[in-house]
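Dear colleague,

Please find the structure below, passed on to you for your own review.

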Amino acid sequence: MALGVANLLPLRPLNTEFPKPNYAQFLGSFLVKKSVNLYSCESHIRPVLAALSVEEMGKIEVKEGKPRFKWVEIGPNITEAQKQAISELPPKMTNRCKALMRQIICYSYQQQNASLSDLLGAWVRIMKPRRTEWLAILKQLNKMGHPLYFQVAEVALLEESFEANIRDYAKLIHSYGKKNQVQDAENTLLAMRRRGFMIDQVTLTTMIHMYSKAGNLKQAEETFEELKLLGNPLDRRAYDSMIMAYVRAGMPRKGEALLGEMDSQEICAGSEVHKALLRAYSMVGDTDGAQRVFDAIQFAGIPPDVKICGLLINAYQMAGHSQKAHVAFENMRRAGLEPNDKCVALVLAAYEKENNLKEALEFLIGLERERIMVGKEASEILVGWFRRLGVVKDVELVLREYVSEAVRRESEIIVH
């Protein structure tokens, strides 16, 4: 028998008002129960996810937070370049890592209007990577020179599963330094401080090197002083970087002072640092400074080559000391070094600066006796000098005879 609505409700007088139901209380109670039920199910869901394969995980959509990224395995409809990059992934790389690398290589998150953080967050929640797998991802991205390397590294530093330490921050700062991304390196250093990491010697040395390359002398000096406050002995790399900062700022004397400080601590500076100091003095014609550094190079056990000797000759040339330039040239030859055309040209330029034509011609005759030929650069200096004197034609005749005589002597050597 069908029951009407009236049979399900108690009879009341028609003029009696029904109490209004409390919908807010009912809805709140409902939500609390739902949240409790979801929480109680979470422990059953996680073991299931852990047991799923990578292919099965490809069908799972991230539900926590905003569902901005749906993990879908990469299909065959990708570019040849992407296929090639995927095929070159290391065979020993874990399935978790390969799954993420495929997503990164194909920029899958962009197709869903999601961010790289959404993709990495989904990877962390679904596949539970270990630190070793994070490191494998970063190593592969760095090896590929992938443009997302830095972004992935920054996200990794914030992930609990990555277990970030000081070395990870220092490595990222060093990578920024190689790209001359000073601001990004400074931001990473600031993040280290905010997260309670003690800034160590390696990190500060990396910052000094970066500031030096970027020409930021003030920041390099401040960081160098902070490095000293750590109380640890400074190493060669810190000194070398600071000396180069002074060289680039046009302050070789301060750099040379640090070189002396290194000697007192029996720390030998690199040959490139010595050459940079010598070049700085040479370019401004500071003969005393150039000679001091040249002597320091020999004292450090670095055998001078033709380029180093050429820098010393150039210092005397810039200062207009032709006789000393000639002496440096002869000392180089006595040391068993074969002078190149650049060194010959520097000595001629020194004579030209003093307008000492007689000594220049005697120098050339001496070269001819030693069967040292004048090359292009030295010849151009001679022609330019004689053109200014208005004796180009006479010089052409002299040079022609000079060349003929050199050829004749060469022929005599071959015959005998």
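Trp-385 and Phe-386 are both buried in this predicted model. Their ring centres lie 5.7 Å apart and their planes meet at 5 degrees, so the pair counts as stacked.

A search of the whole structure returns ten aromatic pairs. One of them, formed by Trp-134 and Phe-162, is edge-to-face, with 6.2 Å from centre to centre and 75 degrees between the planes. Trp-134 belongs to helix α8, whereas Phe-162 sits in the loop between α9 (149–158) and α10 (166–178), so this pair ties together parts that are 28 residues apart in sequence. Trp-134 and Phe-162 are both buried. Together with Trp-123, Trp-134 and Phe-162 make up one aromatic cluster.

Phe-162 also has a charged neighbour: Arg-131 lies over the face of its ring, at 5.0 Å from the ring centre. Arg-131 is part of helix α8 (residues 131–144). Is Arg-131 buried or exposed? The relative accessible area of Arg-131 is 19%, and the cut-off for buried is under 20%, so Arg-131 is classed as buried. A polar atom of the Arg-131 side chain lies 3.2 Å from the backbone oxygen of Glu-163. Leaving aside residues up to four places away in sequence, Arg-131 touches Ser-161, Phe-162, Glu-163, Ala-164, Asn-165 and Asp-168.

Another charge placed over a ring is that of Arg-292, which lies over the face of Tyr-281 at 5.8 Å from the ring centre.

With kind regards

Notes:
Residues are numbered from 1 along each chain as its sequence is written. This is a predicted model: local features need pLDDT of at least 70, side-chain atom pairs count only at pLDDT 80 or more; totals for chains, interfaces and linings use all residues. Side-chain values use heavy atoms; hydrogens and water are left out. Helices (H or I, at least four residues) and strands (E, at least two) are DSSP runs, numbered from the N terminus. Buried means under 20% relative accessible area, exposed over 50%, partly exposed in between (1.4 Å probe, protein chains only). A polar contact is a pair of N or O atoms within 3.5 Å; within protein, one must be able to donate a hydrogen and the other to accept it, and residues adjacent in sequence count only if both atoms are side-chain atoms. Contact means heavy atoms within 4.5 Å. Rings of Phe, Tyr and Trp (its six-membered ring) pair if their centres lie within 6.5 Å; planes under 30 degrees apart count as stacked, over 60 as edge-to-face and the rest as tilted. A charge sits over a ring if NZ of Lys or CZ of Arg is within 6 Å of the ring centre and within 35 degrees of the ring normal.
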